[in-house]
Structures are given as C-alpha cells and as structure tokens.
Amino acid sequence: MSMASTATPAGAPALPFRRILARAGLYLTLSIAAFLSVFPFIWMLISATNSSGDIIRGKVAFGDQFWINLTNFMNQVDLALVMWNSFKVAILSTVLTIAVSSLAGYGFEMFRSKMRERLYSLVLLTLMVPFAALMIPLFMMIGKAGLINTHLAILLPTIASAFIIFYFRQATKAFPTELRDAARVDGLKEWQIFLFIYVPVMRSTYAAAFVIVFMTSWNNYLWPLIVLQSNETKTITLVVSALGSAYYPDFGMVMIGTILATLPTLIVFFVMQRQFVAGMLGSVK
Amino acid sequence: MALSFSQTSRGRAGARSASLNGWLFTAPALALIGLFLVYPILRSLVLSFYAGKGMMLKPAGFSNIVRLWNDPIFIKALVNTTTFFVVQVPIMILLALVLAAMLNSERLRFAGLFRTAIFLPCVASLVAYSVLFKGMFAADGLVNSTLMAIGLVDQPIGWLTDPFWAKVLVIIAITWRWTGYNMIFYLAALQNIDKSIYEAARIDGVPAWARFAHLTVPMLKPVILFTTIISTIGTIQLFDEVYTLTEGRGGPADSTLTLSLYIYNLTFKYMPSFGYAATVSYVIVVMVAVLSFLQFYAARDRA
C-alpha cells in the first residue's frame, strides 16, 4: 500500500484514453456500491423525522416529525427498561462467554492430553450444529427449569461458545511459552499465570473477541423471541421486530427503534474497527 | 542419582498437576457445551422418532420421516431454502470478489472510505435492516418510485405481495447485508498476493477482466470455497429476515417460508408438534453436515 509502484516512472506521459475510462468505471462502480451500502442507514435517520405515510410514499427529505415519532415510541415502549434489558443481556453474555471460553481455549492449548484432544474435536464438531436443531430441546429444558421469561434463559445456552474457544486456542499458539515458564519458576500458580500474564499479553485477542460476542449477543433474535414473552424482559431487537412486523407498522415510530438497535453496534464498530476485522478473519487463519 | 530422582518425581507431580489444571481450565466450558449443545442435539434426534401434540409424545418409529414426504409445506420450505442459497450465494460471492479486486487496484484513492462503506451493512442487526427494507420496498415506497422515475418499470413491483418478487426481495436484502462481510475475507487474502504478478500481467497487456478471471479467482480459490460454504450454511438457517419481512408468515403464499421458520411455526405457533419439528430440524442438520464435510475435505486436500 505505502510502496509506490516502480513500474510507472514518475511524470509518466498522459494516460491513454482507455485507461482513463477504466479508472472512471472503477470509481463509479465503487461509488455506487458504497452508496447502496450506506444509504439504508441514512434513510433510517431521515425516516425517523418523517410520518409513516411519508415514509412509505418514499420521501427522502428530512421532516419535522421526529419528536412526534419519539413520543409515540416512548408511549408504546418503556425505553429505559428495554435498553437496560438489552445492555444487561449483551454485556453479561459477552463477559461470561469470553471468561469461560478463553479459560477453555488456554486450557486446551497449554495442558495437552489425549482425552482432552478428543473432547476438543467434539467441541469443534458442535460448530456445525444448526440452532434450529437445538431450540426445541432447549425450550423444553428451560421450561422445565422454570426459566421462561428470565434473562438467565438467554445467557445459559450462549456462554460456552465453540467458536470463541477455537478462536482463543488458535491465538494461544502465538503466546510465548517462555513467559509462562518464567512465571512458574517465580512460583506463580497456574490461575495466576492465566490472569496476570496471559490476559494482559493477549488483550488484542480479547478485544476482538469482545467485538464478535457483543455483536452476536446484541443482535441475537430467534432464541430471545422464543424465551422472552413478557414485556418486562424484552430486548430492543424484539421490540423493533414486534413494532415492525405489524401489518401496517407506524414506520416513523419504528425508525426510532431501529436507530436504537443499530447505534450501539455502530459505535463499537467505529471505535474498534481494527479488532472487528481481526475478529472476523480469525476464523480463517 | 539423587538429583535425577528428584527431577523425575517432580516431573510426575508436574504432569499430574498439569492434567488437573487442564481439567480445571476446560471444565466450565465442557460442562456447558455438554448440557446446552450436545444433550439437545441428541435429544432432538430422539424426539424425531416421537409424535404427538404438546408434551403428549409417543414413539412413532419412522412415521415423521414418511410425513416429510407427504407434507407439501415442508417441500415448499425445502425448495425455498434451496432456491435462496443456490441463487443468492453465487451472486453475493461474485459481487464480493469483484469489489475486493477493485479495492485492491493500485493507486486507488479513498480505498479506506470505500471499504468501510461497503462493509458497514455487516454492523446492522438482522431485524433492524429487515424493517428498513420493508419500508423502502413498500408498494409506493422509495424503491418502486425510484424505479418508476427512471422508467425501468411502468407500475409498482409487489415486493411484499407477489410470491416471485418477495423471494427477490429476500435475496436483495441478504446480499446487501453480507457482501461486505465476504469481501473482507478476499481483501485479506489479496494482501498476501505479490502485486508484481498483476503488474507483469498488466504490462503484458492482459485486460482487467482476464486478470480477474485467471489470476485473482484461482489464487483465492481456498478462501472462495470457505466463504461459499459458510454463506450457504448461513442461508440454510435463514430466519430473522423472512420472519421480520413477512410478519412471521413466510408469505405471500408460503413463497418465503424457510425451513427454520417452518420449524418455529411447528413448535411455537400452531399446536406444538415437537417430534415432527425435530425431524424437520434434522433435515437442516444433514444439509449442514454435508457442506461442512465438503469444506473439511477440500481444506485437507489443500494442506
């Protein structure tokens, strides 16, 4: 990227016409793709200021209905409670998932045994289990345990993530074992080595894992849809879906919800863009 | 002698504590995976040989599997799901590849800006963007009025009311959401390719499309395979978008009903038939297993 091409000498003669045309096509195509990708987000902001009628008539200019939409939304939805629910579930599930799965990833890589390698293969095998095949028995289990309509019902099945375990095990391969050996000589216990040496050294891995798990958890839909049926426990995703999947949704009001549902992940993305991409690519390394 | 003795005993104690530590570190995850992944998937398998309404389940042998073949709604959901991934995945992969190749071109200005913009849809929640698309593709909505203003169509397209166009809308929506995601994988892979190959081909007068077809695509083959398979697995499990776009019905006339949505309806909407729903879910298990096996096989071939 930073290296200038050596093939084209500086001050080259004017580009031939065909090459200018190709360049123009390149920028045009990329601009169209970028525009189409970003436009729905802009349209969401614009629509939050318009009435439902204007929205479905395709209005694309800012209107003056924002406060009315917001008031309508607040009248229908206990905003503070819904956002509290969403953040509570997403953050708890992120912290627990990362704690449990990084411990396991570290354990599988650092303490090898035949038995654990077999179990690890089994863990990897569960990566390809589709959720649809789990939800019926899970629903029966959660029902029997009396956990329907509790946030624990969402947390429990998501804490141990095969993918995050795999992600941490792969990352642990790059962890310098000399650090561990030195700590052992110093008399640190294994859990101390993990907590005080491994975790700080691997902080970029933790950051990437945070982004992946937070996004997944924030956007989680099907399982919460099944186990959260009371208004007191619903998350923003469920509220948006309920408001938006009506026959004649009040789109102006729904837009307030979609903004609220999108904003946290958008912020995480812009603040942690590098970790975001690193986390996604982790699976192909 | 004494030294070596003490060393071995320490080594043994070390091995024992390593084993104990190995279990302590992995036990919480293993217990949770056992309880919330391994047990349910086996339970589903058992359930698929039971039939009945609600919790009144009786052993039913293979009757659920027979029922699959005689269930037109299941066949429809299977055909829809297959149509979605057969049509959508290749379009998206090709689009992502072309965009990645373009973003990788030399001396491209604003590359970072383009990349971020095209990647942005990945940040949207599935439900939120489905609601947005529902609004944009409304009968008199933005997309139809734009198409009519350009003169591409004479009358509004029934994106949400016509069985054919509803499918097209779902495909457009998923493509919007996931193209940038796949593109990122290709961009990462392209960074590892020596740019002088392209430069040489360009100097030799190889046109851009031929460089794309004969250089980029073959070199990215492993990544293309990987993304094709994960995208296909994702599309097989399609639920959030169709549920939100169609008020949970998979309409119009079941034209967007997917397997996951059908399982959801069988379990939570109608009088629950857990056994039969579990059988349908195993159709997804088999489809995903076959694809994962292909991926595994191809990856091993490469190594």
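Trainee: Which residues does B:Asn80 touch, not counting residues up to four places away in sequence?

Mentor: This is a predicted model, in which local features need pLDDT of at least 70, side-chain atom pairs count only at pLDDT 80 or more, and totals for chains, interfaces and linings use all residues. Residues are numbered from 1 along each chain as its sequence is written, and side-chain values use heavy atoms, without hydrogens and water. Contact means heavy atoms within 4.5 Å. On that basis B:Asn80 touches B:Lys167, B:Asp254, B:Ser255, B:Thr256 and B:Leu257.

Trainee: Is B:Asn80 buried or exposed?

Mentor: Buried means under 20% relative accessible area and exposed over 50%, with partly exposed in between (1.4 Å probe, protein chains only). The relative accessibility of B:Asn80 is 2%, so the residue counts as buried.

Trainee: Where is A:Val77 found, and which residues is it in contact with, leaving aside its neighbours within four places in sequence?

Mentor: A:Val77 is found in the loop between α3 (66-76) and α4 (79-110) of chain A; helices here are DSSP runs (H or I, at least four residues), numbered from the N terminus. A:Val77 and A:Val239 are 162 residues apart in sequence, yet 7.9 Å apart in space, C-alpha to C-alpha. Beyond those sequence neighbours, A:Val77 is in contact with A:Val82, A:Val239 and A:Leu243.

Trainee: Why is α14(A) described as largely enclosed by the rest of the structure?

Mentor: Helix α14 of chain A covers residues 251-271. The description follows from burial, because of the 21 residues of α14(A), the number buried is 17.

Methods: Chains are lettered from A and ligands numbered from 1 in the order in which they are written. Helices (H or I, at least four residues) and strands (E, at least two) are DSSP runs, numbered from the N terminus. The expected span of a helix is 1.5 Å times one less than its number of residues.
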